[in-house]
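This report describes how two chains meet and how parts of each are arranged. Please keep the sequence and the model at hand while reading.

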Amino acid sequence: MSSKKGKRLVYVPSDIVEEAKMVSRGRGESLSLFVSEVLRMALRANSLGYSPGTAAEFLEIMQAQRNLGGAFVPADVLTYLNSKACEAEVEQLETKWYESGKWHGKYLNEKFEDPVQAFKKFLEATRWDLSEVEVRQNQNTVKFRCISTLLTGKATELLAKFIEGAMHSIGYQTDKSDTLKGMILLDFKR
Amino acid sequence: MNKVAKQGDLSLYKFLNEVFELTLRANKLGVNLSSLIDSRELLKAAMEGGFTLGLESLWYEMAELAYAKAKNKALKSWFDAGVWLAKRYVTGETDDPFEAFKKDLKDFTWNVPELDVTKKAGKVSVRLVSPRFTEAYTFLFLSFLEGALEAFGYKIGSKEISRGMICLEAVRDQH
């Protein structure tokens with residue numbers, strides 16, 4: 001590494017440089033402008049608490065979420081929709097959540113090399129009502145543990161159905177299921 | 001840059017390589033790094049605004065069920081959510097609460113292809129077009145908008161609703 005007139009030289013593998021050249025050319029920018037912009041963004045991402053590795057994961061999850069048809073809904077409305085107050089049949093609601101999970105799992109299975117980890121990251125990034133998402137994965141088993149101080153009992157059960165649906169699409173079967181208000185404990189096996 | 005690399009226990013060389021790899025990966029996904037920052041900020045705002053992110057189709061189906069079983073209660077729940085969200089801006093310290101609300105509303109409805117909210121001389125016009133909205137979801141979302149506008153001190157003057165389309169005008173309530 002050398003330094004000259006306030007500029008520094010840093011070695012970067014030639015394959016990355018070639019690809020970066022192609023991308024910058026495609027955008028109609030010089031390589032130097034492209035590199036400066038990338039580094040500026042990296043520093044901003046860092047100030048938001050992202051290392052390049054975690055930023056890449058987050059980016060992929062968010063992109064998948066958009067492709068899947070992600071939408072925001074007021075949390076209070078969701079609580080209402082999940083509750084008995086809306087008078088929908090419990091089984092109907094459970095089926096909706098399960099089917100939605102199945103669809104989600106199918107997409108993750110097609111899109112990600114490790115769909116279980118991708119699903120975990122999806123839950124961490126988008127379900128901010130969960131204070132903990134733990135996934136222990138062995139050769140043929142996966143254990144899910146989700147904790148929330150905000151979820152109602154019904155909302156916990158429905159989220160558990162969603163997780164089951166997703167895991168079934170990924171190729172696992174439910175081995176053990178235990179849910180209580182704010183806590184989901186699910187064991188799956190291949 | 002050196003400092004940031006050290007914080008992450010990386011050499012500058014390793015850090016820069018990771019940054020470039022991330023950029024190229026993002027490029028393959030058809031996005032750039034600024035969209036990462038936008039997404040992060042959007043999620044933070046949504047979390048603070050009391051929103052939950054999930055699958056659009058699931059929300060529509062659940063809304064259909066609730067609307068079919070207990071229409072008035074469902075409408076009230078959306079109306080109250082609109083009031084709650086608007087109150088957050090009205091009672092906050094933003095210079096222009098309505099503009100802040102409008103910006104966030106647009107961000108949170110990323111699945112809606114067309115949403116125009118204009119405020120002119122004591123009048124607010126909303127035009128929303130979303131072909132994927134079900135009929136029930138259209139009416140529930142209308143109720144949400146009505147709640148929000150009411151909390152901002154507006155009264156609905158006229159509205160035209162059909163599945164996936166909302167056009168409404170509200171005027172400042174003098175009372």
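## Basis of the description

Two residues are taken to be in contact if their C-beta atoms, placed from the backbone, lie within 7 Å. The model is predicted, and local features need pLDDT of at least 70, side-chain atom pairs count only at pLDDT 80 or more, while totals for chains, interfaces and linings use all residues. Residues are numbered from 1 along each chain as its sequence is written, and chains are lettered from A and ligands numbered from 1 in the order in which they are written.

## The interface between the chains

In chain B, 54 residues are in contact with 54 residues of chain A. At least two residues each are supplied to the chain B side by helix 2 (12-28), helix 3 (33-48), strand 1 (51-55), helix 4 (56-69) and helix 5 (71-90) of chain B, where helices (H or I, at least four residues) and strands (E, at least two) are DSSP runs numbered from the N terminus. Helix 2 of chain B gives the largest share of this side, 14 residues. By class, the side of chain B that touches chain A holds 33 nonpolar, twelve polar and nine charged residues, with Ala, Val, Leu, Ile, Met, Phe, Trp, Tyr, Cys and Pro counted as nonpolar, Asp, Glu, Lys and Arg as charged, and the others, Gly among them, as polar.

Strand 3 (residues 70-74) of chain A and strand 1 of chain B run antiparallel and are joined by five bridges; two strands pair if DSSP finds at least two bridges between them. Within strand 1 of chain B, Leu53(B) is the residue opposite Phe72(A).

## A helix pair in chain A

Helix 3 (residues 52-68) and helix 6 (residues 115-126) of chain A have axes that come within 10 Å and cross at roughly 85°, the axes being lines fitted to C-alpha atoms, for helices over the stretch in contact, with angles from 0 to 180 degrees between N-to-C directions. The two helices of chain A, helix 3 and helix 6, are therefore roughly perpendicular to each other, a label used for 65 to 115 degrees, whereas angles under 35 count as roughly parallel, over 145 as roughly antiparallel and the rest as oblique. Their contact has six nonpolar, two polar and two charged residues.

## The sheet of chain B

An open sheet of four strands in chain B has the order 2-3-5-4, with antiparallel pairing. Strand 2 (114-120) and strand 4 (154-162) of chain B are its edge strands, each pairing on one side only. Seven bridges link strand 2 of chain B to strand 3 (residues 123-129) of chain B in the antiparallel sense.
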